[in-house]
Amino acid sequence: MHELSETTIRKSFVNCSKGEAKRLNLPTLREVKWEDQIFLSWLDHKSPLKGCLVVEHEGEVQAVLLQKAKAQSKAAQMCQFCMTLHPGSGISMYTAARPGESGRRGNTIGTYLCANLACTDYVLGKKKPVGIRQMEETLTLEEKIERTKSNALGFIARLKGES
Ligand SMILES: [Zn+2]
């Protein structure tokens, strides 16, 4: 993805107030290896149950605030973005408030994701879940990257009620 500024990222949140977006703690952007990122995702180091996802697609940047469930998953699950299979300790249920009035009334959608939101690192093979075997897949790295990004975009579309 292209390098994004802090202002662009904070402006791009589709499902939280401007004030909330302003208060989120961002990663150190100048340390991000932008060209390697499928999307930018991180946990707020001061509120570790708050996760953020920033996806750039065809010049449009969209960001989503995610809430991580406190309870650890008991069973192994697959991340619904990068399709990495994790033992219960490596996966978390994340929920996102729907944009606008609906979200303020408490409507959310949820999905299982890598607990540390490090999908890019798993796809690129920089991280590997311990103690679990991955599905055998014939996809190329390029195709896996494409799939991961399109899963994240699909989640955002679903959140916004577009699909
Ligand atoms: Zn993942």
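Does Gln 62 count as buried or exposed, and at what relative accessibility? At 10% relative accessibility, Gln 62 counts as buried (buried is under 20% relative accessible area, exposed over 50%, partly exposed in between, with a 1.4 Å probe and protein chains only). What you're looking at is a predicted model, where local features need pLDDT of at least 70, side-chain atom pairs count only at pLDDT 80 or more, and totals for chains, interfaces and linings use all residues. Residues are numbered from 1 along each chain as its sequence is written, and side-chain values use heavy atoms, with hydrogens and water left out.

**Around Gln 62**
- Gln 62 sits in strand β3, residues 60-68 (strands are DSSP E runs of at least two residues, helices H or I runs of at least four, numbered from the N terminus).
- Its side chain makes a polar contact with the side chain of Lys 160, at 2.6 Å (a pair of N or O atoms within 3.5 Å; within protein, one must be able to donate a hydrogen and the other to accept it, and residues adjacent in sequence count only if both atoms are side-chain atoms).
- Leaving out residues up to four places away in sequence, Gln 62 touches Ser 12, Val 14, Leu 53, Val 54, Val 55, Leu 153, Ile 156 and Lys 160 (contact means heavy atoms within 4.5 Å).

**The sheet**
- Five strands make an open, antiparallel sheet in the order β1-β2-β3-β6-β7 (two strands pair if DSSP finds at least two bridges between them).
- The edges are β1 (40-43) and β7, each pairing on one side only.
- β2 (residues 50-57) runs antiparallel to β3 over eight bridges, and Leu 53 stands opposite Val 64 in β3.
- Six of the eight residues in β2 are buried.

**The zinc site**
- Cys 79, Cys 82, Cys 114 and Cys 119 coordinate the zinc ion through their SG atoms at 2.3 Å (donors are N, O and S atoms within 2.8 Å of the metal, or 3.2 Å for Na, K and Ca; water is not among the atoms, so sites may look incomplete).
- The four donor atoms subtend angles of 98 to 118°, so the arrangement is tetrahedral (four donors with all angles between 85 and 135 degrees).
- Along the chain, the donors follow the spacing C-x2-C-x31-C-x4-C.
- Both Cys 82 and Cys 114 are buried.

Note on methods: Tetrahedral: all angles 85-135°; square planar, octahedral: opposite > 155°, others 65-115°.
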